[in-house]
Amino acid sequence: MLKENRRNFLATAGLAAAVAIMPLGAAAQSGEPIRLIVPYGAGGTIDGLVREVADMMTSELGQPVIVESRPGSNGIIGATLAANAAPDGLTYFVGATGPLSLNVFLRDDLTYDMDSFVPVGTMISGPLTVTVPASLDVHDLDALKAHAESTGRPLRYATLGPGSVTHLFGMVLQDALDVPMVDVSYRDNPSQIIDLIAGQVDLVFATPIALVSHQEAGDIRILAISTSERDESFPDVPTTTELGYPELVSSFWFGLLAPAGTPETEVERVASALQHVMGNNDLQQRVRSSGMQPHVGGPDAMQAQLDWDVEFWGGVIEANNITLE
């Protein structure tokens, strides 16, 4: 009996030692589920699209890919959880402009920064608009500038709160037009649009899909979209570049990142699956029907987006000395 127990002990110890020296990435290929941490609540547009991506990646990888919604604190809860996860190839973060880039620039009390993650791939990008109420006799950006100068009062623009993309984009527009502007915070897009139609604010920067029915009804007017080329889903909307304001080209994004230290082989494996999935025609159409654009790219593309954020949004935040508690 003692010999048998000793053999069992040695076998168990040997297995434990083998697991201890196993490369971190080996766990990811063991069939254990991969989790995608989404810093938003379940049930929204992005959550639905990410769940579809996860299902398709499950087939690509031959391994379960599950979505874990961790909303709260403008994405900080989800980002913190992902940044502190074991870098074993089993946890990935569905990062975005606000939860990652803007928070890092705006807040000094975070436990994560850009270096807490490594890029895996791009997923989705979304343009902004410059939109006015139809009651305002303004049809392009130059006319908007002239209107602001003639009234002698600041343009009131709706935002999704201090430090949001819409808040910062208003500051970029203010500099481009060289007219005073003041931000008005709202909880969501619908309430912004209601006040825009009522003339309580002069500008909204929501995505085109949120506005097109109101434009068709004759309630609002989309002056421009913040892209360099026209969006095929909204071919009649001119771009900020066309109207002579290329400095207004900007967008928000969603992409995949891994905790720093995740083995390169695992990053490459997941990145390859992600790119194949994002190239699916049906998925791309569903992304477009949601008012956004599919963005197929690997780690280099994701890194390029982060670098752009540092220069563009980081520059806006620094120039305006914006900080959040």
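Strands here are DSSP runs of type E with at least two residues, numbered from the N terminus. The model shown in every view is predicted.

**View 1. Thr129 in strand β5.** By that definition, Thr129 lies in a strand, namely β5 (residues 129-133). Buried means under 20% relative accessible area. Thr129 has 1% relative accessibility, so it counts as buried. Its side chain makes a polar contact with the side chain of Thr131, at 2.8 Å. The side chain of Thr129 also reaches the backbone oxygen of Ala206, at 2.6 Å. Beyond its neighbours within four places in sequence, Thr129 is in contact with the run Val204, Phe205, Ala206, Thr207 and Pro208.

**View 2. Val204 in a loop.** Val204 sits in the loop between α7 (189-197) and α8 (212-216). Is this residue buried or exposed? Val204 is buried, because its relative accessible area is 0%. With neighbours within four places in sequence set aside, the contacts of Val204 include Thr129, Val130 and Thr131. Ala158, Gln192, Leu196 and Leu211 are also in contact with Val204. Gln192 is twelve residues from Val204 in sequence. In space, their C-alpha atoms are 7.0 Å apart.

**View 3. Thr159 in strand β6.** Thr159 belongs to β6 (residues 155-159). The relative accessible area of Thr159 is 0%, so this residue is buried. Its contacts, leaving aside neighbours within four places in sequence, include Ser164, Thr166 and His167. They also include Asp183, Val184, Ser185 and Tyr186. Gln192 is in contact with Thr159, and Gln192 is in contact with Val204 as well.

**View 4. Nonpolar cores.** The largest nonpolar core has 67 residues. Which of them touch the most other members? They are Leu144 and Leu203. Helix α6 (residues 165-177) gives the most to this core, eight residues. Setting aside neighbours within four places in sequence, Leu144 is in contact with Val130, Val132, Val138, Leu155, Leu177, Leu203 and Leu223. A second core of 15 residues is separate. Among its members are Ile37, Leu100, Leu110 and Leu306.

**View 5. The six-stranded sheet.** The strands form an open sheet with mixed pairing, in the order β2-β1-β3-β9-β4-β10. β2 (65-69) and β10 (293-297) stand at the edges. Each has a single partner strand, so one side of each is left without a neighbour in the sheet. From one strand to the next, the twist averages 25°. At one end of the order, β1 and β2 pair in the parallel sense over five bridges. Arg35 has Ile66 as its bridge partner in β2.

**View 6. Strand β4 between β9 and β10.** Ten of the eleven residues of β4 are buried, so the strand is largely enclosed by the rest of the structure. β4 pairs with β9 in the antiparallel sense, over nine bridges. β4 and β10 also run antiparallel, joined by three bridges. Which residues bridge to Thr122? In β9, the partner of Thr122 is Gly255. In β10, the partner of Thr122 is Gly297.

**View 7. Helices against the sheet.** Helix α9 (residues 264-278) lies across β1, β3, β4, β9 and β10. Its direction is at about 20° to β4. Helix α10 (residues 281-289) also packs on the sheet, where it touches β4 and β10. The directions of α10 and β10 make an angle of about 135°.

**View 8. The α2 and α10 pair.** Two packed helices are described by the angle between their axes and the distance between the axes. For α2 (residues 45-61) and α10, the axes come within 11 Å and cross at roughly 170°. Angles over 145 degrees count as roughly antiparallel, which means that α2 is roughly antiparallel to α10. On the α2 side, the meeting residues are Leu49, Glu52, Val53 and Met56. On the α10 side, they are Leu283, Arg286 and Val287.

**View 9. Helix α3 under cover.** Helix α3 (residues 76-83) is mostly covered, with six of its eight residues buried. Which six? They are Ile76, Gly78, Ala79, Thr80, Ala82 and Ala83. What covers these residues includes the strands β1 (34-38), β3 (91-96), β4 (117-127) and β9 (251-259). Helix α4 (97-106) is also part of the cover.

Note on methods:
Residues numbered from 1 in each chain as written. Predicted model: local features only at pLDDT ≥ 70, side-chain atom pairs only at ≥ 80, totals over all residues. Heavy atoms only, no water. Buried < 20%, exposed > 50% of the residue type's maximum accessible area, 1.4 Å probe, protein only. Helix = DSSP H or I, 4+ residues; strand = E, 2+ residues; numbered from the N terminus. Contact = heavy atoms within 4.5 Å. Polar contact = N/O pair within 3.5 Å; in protein donor to acceptor, adjacent residues only side chain to side chain. Pairing = 2+ DSSP bridges. Axes fitted to C-alpha atoms, helices over the stretch in contact; angles between N-to-C directions. Core = buried A, V, L, I, M, F, W, Y, C linked by side-chain atoms within 4.5 Å. Parallel < 35°, antiparallel > 145°, perpendicular 65-115°, else oblique.
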